[in-house]
Amino acid sequence: MSILWVTLSAALAIGIPALATAWAQSRIGPAAAASLAEKPQLSTTVIILVAIPETMVILGFVVSILILLRGQAG
Amino acid sequence: MIIPMVRVRVMGPRDRLPDALAVIQDAGMLHLAPPPEAGPLHPNALTPAENRRRRKLLRILDDIDAVVPDSTPAPGPQPAATVSDCARWARLARRLRRGLGRLDRRSAELEEELALLRRYQGFFSVFESLLAAGSPRPGFSAFHVVLRADQRDSLPSLRRALDEMLGQACETLERELPGGETAVLLLVPASRAAAVEQLLAQTRVQEVPVPGGYGPTLLEAVPRMRARAQEIPAEIERVQRERSELLSSHTQGLARARASLRDRLARMDALALTAVTPHVFVLDGWLPGGTERKLSSELERALGSAVLLETIDRAQWEGEDAPVVLHNPRLFRPFELLTGMLPLPRYGTIDPTPYVGVFFPMFFGLMLGDAGYGLLVALLALVLHRRSAPGSTLRAVAEVAGPCALFAIVFGVLFGEFFGDLGHRWFGLEPLWIDRGEAMVPFLVLTLGLGLVHVMLGLVLGVVAGARHDARHAIGRGLSALMMALIAVAILAALEVLPHEVLTPAVVGLLIAFPILIFLEGMVAAIELMSAIGHVLSYARIMALGTASVMLAIVANRMSGAVGSAVVGALFALLFHLVNFGLGLFSPTIHALRLHYVEFFGTFYSPGGTPYQPLGHWAPRPARTA
């Protein structure tokens, strides 16, 4: 497989989840801030809620690295 | 761990109930339960007179709380408050509250006046100099106008309108203010003042009137305002001194009164948790296991054999009702800070603190995994420990940071990382185990394996916690754990990490276990199993964050050679390391917490425990200090 396709695939594997994470966090963040203003005791829940979408970009990062490593091996 | 509780019942003659409550309050051990209802027993409702007394107590306490912070300790032991004491404290608290309120209002008025004077002083100093330049004549009125920066363009049109209206009789002087506004002084014949005022209103120009009470004209008012602005700080200081003198002379007395009244209120509230007949009282409660003999002997010593304490058999009470007290070994106690961010676990379930105490620093260390950064975390922990008071939140943070730093240093040595590859460059540090910058797949497998162990541990804890109450669900959890182990074995056998011969038994085991799981817990069990597998994959974040951390550190080290000047390069590298260290503190903490709260606790944690709040003497709220 050409280096171009490997690089492009790796970029898409992390880029798309990064955009998805950013979009999700942009929706969660303001809601979380508003909730905290009314109920500061929700801070733990808020931390978890904000961290949850990061799973997407983290798994995207892992997949991207695997693609690059396989591309190098191939 | 959650301390085992015993349920006890205290009984005695009804007229000894107040004495019994006083002894129980002195002991400070019994968490009162709702009153038992059986046979002739009925809940002991407060009489109308007692309710009136209770409301009065609340009013006095409200007055005291308004003037004395509830972190103020009460000096010495509290004698029981008499009726005359209460009346005296009520009068004192009310008088003090009013007095302090009056002084606070006066102080606020003075602050407001000073702020107003300082705000207008800038305007009026300019107007004063304009007036001096314009030499006002008798029979002329002065208008002080301030144009905002965006209104400057309206000045020529205002001038034209004034010329049309008054001809040469109007004098206009202007000066720019430091904030970008323009001060304009209009001197017009007094006979046309009303028309000019109307014109200003039509053109929506802001006129600044001379503040009342300082004199009819600006020239008289400005010196007086200046003098007043100099007087006010001293006056504010005098009011504050009067306030603190008034407060300090009564703080100790009122703090003592509050402690006594709070104790009395707690005993009144405890009355509502007793059951009575015309001659007997009964109250139920929980004690930490092993303390029942102590309370029993204290009751006997104070009240003789008239009041009895008996232990209720475990089979007669529900575990869910018992209050929860966490008690962990000294090493794990700081980690109660992390479990305390969630609601308490229910009685009879598992306190996850010891597991958090092991896995949280381990995950943190795996993610940071750098001996240099680990040493910095240790340094921060040491500073925090020295600057915090024992028992404070900051002290707990320092004590959590210590093990995290230790794990980061250990993993840093194993990964051969000291500020990235700086250790290798400076003193030839080599990885003893895994090179995170190169061996990404082995590191990924390691983190997923750790995730598998962590999630399976959670499932096993779920089995242990559920075995007593819900055997069917507990078996389901156990079967899920077994299936996850079989899936791992099958994958490893398929990848030829394990002998190929174990693949078939593992798959057969899965095929047998799956229908049993569905039979026991329904289709939802299949979804939960898939979710548990997803949870294991989530541990890949340890590898992702770890790799990102080491890459950023390596990039930081290369900065020094990439920029022309060595000094600028070193500064860039230092800055980059600082940013990476900040990220290395924040991200591993958040993600290690998340792995615990979502992936680990989700398999066994049962929140909703009642905090243990024994009937005891009032204690001041801890002050918000380190």
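How many helices and how many strands are there in chain B? Then take strand E9 (residues 280-288) of chain B: how many of its 9 residues are buried?

A: Start with the count. This is a predicted model. Chain B has 18 helices and 12 strands. E9(B) is one of those strands.

Now the strand itself. E9(B) spans residues 280-288. Of its 9 residues, 7 are buried, so the strand is mostly covered. The cut-off behind that word is 20 or more other C-beta atoms within 10 Å of a residue's own.

Next come the pairings of E9(B). Take strand E1 of chain B, residues 5-13. E1(B) pairs with E9(B) over 9 bridges, and the sense is antiparallel. To find this pairing on screen, go to B:Val10. Its bridge partner in E9(B) is B:Leu283.

Strand E2 of chain B covers residues 31-32. E2(B) also pairs with E9(B) in the antiparallel sense, over 2 bridges.

Strand E8 of chain B, residues 275-276, is joined to E9(B) by 2 bridges. These two strands run antiparallel. B:Ala275 has B:Val282 as its bridge partner in E9(B). E8(B) and E9(B) form a hairpin, and 3 residues lie between them.

Step back to the whole chain. Chain B has 626 residues, and 32% of them are buried. Its radius of gyration is 38 Å, whereas a compact globule of 626 residues would have one near 25 Å. Along the principal axes, the C-alpha atoms fill a box of roughly 110 × 90 × 50 Å. Look at contacts in chain B with a separation of 6 or more: 78% of them link residues 24 or more positions apart.

Last, the contact with chain A. Chain B gives 17 residues to it, and chain A gives 11 residues. On the chain B side, four helices each supply at least two residues: H13 (440-467), H16 (524-538), H17 (540-562) and H18 (566-600). H18(B) has the largest share, 6 residues. By class, this side of chain B has 13 nonpolar, 2 polar and 2 charged residues.

Terms used:
Residues numbered from 1 in each chain as written. Chains lettered and ligands numbered in written order. Predicted model: local features only at pLDDT ≥ 70, side-chain atom pairs only at ≥ 80, totals over all residues. Buried ≥ 20, exposed ≤ 12 C-beta atoms within 10 Å, placed from the backbone. Pairing = 2+ DSSP bridges. Rg over C-alpha atoms; globule rule 2.2 N^0.38 Å. Contact = placed C-beta atoms within 7 Å. Nonpolar A, V, L, I, M, F, W, Y, C, P; charged D, E, K, R; others polar.
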